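Dear colleague,

Here is the structure that I promised to hand over to you, and below it I have written down what was found in it. Please read the notes with the model open beside them.

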Amino acid sequence: MFTAMRTRILSLLLLVALLAACGGGGDDEGNGGGGGTQAVEEEPVLCPLTGVEAPAGVDVNRPALAVKIDNAPPARPQAGVEAADVVYEELGEGGLTRFLTIFHCNDAGSVGPVRSARNVDPEILKEYEPALFAYSGANTQVLAKISDASWIVDLKHGDHGDAYTRASDRRAPYNLMTTTAAIRGLEGADAGGPPESALEFNAEVLNPPAPESPSPGATASPEAPAAAPGNSVSLSYSNANVVRYNYDPATKAYLRFNGDTPHQLANGNQLSAVNVVVQKVRTAPGTVRDASGTLTVDTIVVGSGEATVLRGGTAVTGTWNRASLDDQTTFTDASGQPIEFAPGSVFIHLVPQERAVTVQ
């Protein structure tokens, strides 16, 4: 699906081509003769999940790679999250969360700690069909669900141990690591094509143009609801698990904090995202237990609900909608128009609908 930015680029290129065609050919007086052709700048190749120009040498037709990463305090600092195109944060047991990281245009030399899959993961990954899935394992019910998901290439640790390592500087079970290259090098990992995205990317949300003065007598056209200030957001998965983001104008990204503590990564940098999405979802008690015997929580990602998208220091509150498992999630504003994202990484928080969210 073309993004807003991609559409603008295509329109500009078409205009250049038409002008070249109208002015070509020349005449016998030497005005532009010689049959020369005007070079047209090639369209940049964009990453479908972020709307940014693809790094040199990256095949954007390769499938997306999902890695399940723990976010319990003992699992920090995590590695590789900063390279993911899209990250989902899901509620786990005891109010803790895990990340489902989606890599497509970028690679990471260290990713982890890799942990077990949950019931909602196959439903999320249907949006990235086909999706490579790296994880440490799962209970029998989740394993059966993954096995039945024809859109998933199952690359779990138990079947592909050579693609995973145990870090000596981390304690079990928070020491299982991998690399995107190791997973992509496994047999069957080259199956399928690129992921699609329902998100609309537009660089102008970071650098909005100055408003134009209307012509005398012109009728004003209806406008989308104005974005509200969005310099920070605070959300919670439980009373003890509060996440906060502060906008950093220098990097045009949101810096993440766990409570008041900066969320540091293994590379020494603070975790950040260009786009922060708060997607309020229904949750229900799970029917299976984790290794400790605690009942898991099921997150419902098919349906609709309230959503807030923060980018560029502004926030737009609207609605998320996914009519069926075969559909992609869309985000629309109060007027029903697609919410535009800034080109760059996307961090989606699947927050229980009863939890408070504060945007300032």
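A contact, as the word is used here, means that heavy atoms lie within 4.5 Å. In that sense F103 touches A64, L65, V67, G80, A83, A84, D85, A108, V111, T180 and R184, where residues up to four places away in sequence are not counted.

Before going further, please keep in mind that this is a predicted model, in which local features need pLDDT of at least 70 and side-chain atom pairs count only at pLDDT 80 or more, while totals for chains, interfaces and linings use all residues. Residues are numbered from 1 along each chain as its sequence is written, and side-chain values use heavy atoms, with hydrogens and water left out.

F103 also belongs to the residues with the most contacts inside the largest nonpolar core, together with V67 and I183, and that core has 39 residues. A nonpolar core is a set of buried Ala, Val, Leu, Ile, Met, Phe, Trp, Tyr and Cys residues joined through side-chain atoms within 4.5 Å, and buried means under 20% relative accessible area, exposed over 50% and partly exposed in between, with a 1.4 Å probe and protein chains only. Among the elements that each supply at least two residues of this core are β1 (64-70), β2, β3 and β21; strands are DSSP runs (E, at least two residues), numbered from the N terminus. Apart from this core lies another, of 35 residues, among them Y128, I146, V281 and V346.

The strand β2 deserves a paragraph of its own. Six of its six residues are buried, so β2 is largely enclosed by the rest of the structure. In a regular strand the side chains alternate between the two faces of the sheet. Both faces of β2 are covered, with V86, Y88 and E90 buried on one side and V87, E89 and L91 buried on the other. Two strands pair if DSSP finds at least two bridges between them. β2 pairs with β3 (residues 97-103) in the antiparallel sense over six bridges, and V86 has I102 as its bridge partner in β3. The hairpin of these two strands has five residues between them, and there G94 takes a positive phi near 65°. With β21, by contrast, β2 runs parallel and is joined by four bridges, and the partner of Y88 in β21 is I348.

How many cavities of 30 Å³ or more does a search of the whole structure find? The search finds two, where a cavity is a set of points, on a 1 Å grid over the protein atoms alone, at which a 1.4 Å probe fits but cannot get out, and lining residues have an atom within 4 Å of a point. Grid points are joined across faces, edges and corners, and a volume is the space filled by probe spheres set on the points. The largest cavity has a volume of about 190 Å³, and of the 18 residues that line it, Y88, E127, Y128, T329 and I348 lie nearest its centre. The elements giving two or more residues to this lining are β2 (86-91) and β21 (346-352).

The second largest cavity holds about 70 Å³ of space, and 12 residues line it, with R118, N119, V120, V297 and D298 closest to its centre. Here β2 and β16 (295-300) are the elements that give two or more residues.

With best wishes

Terms used: On a 1 Å grid over the protein atoms alone, a cavity is a set of points where a 1.4 Å probe fits but cannot get out, and a pocket is an open set with protein on both sides within 12 Å along at least five of seven lines; lining residues have an atom within 4 Å of a point.
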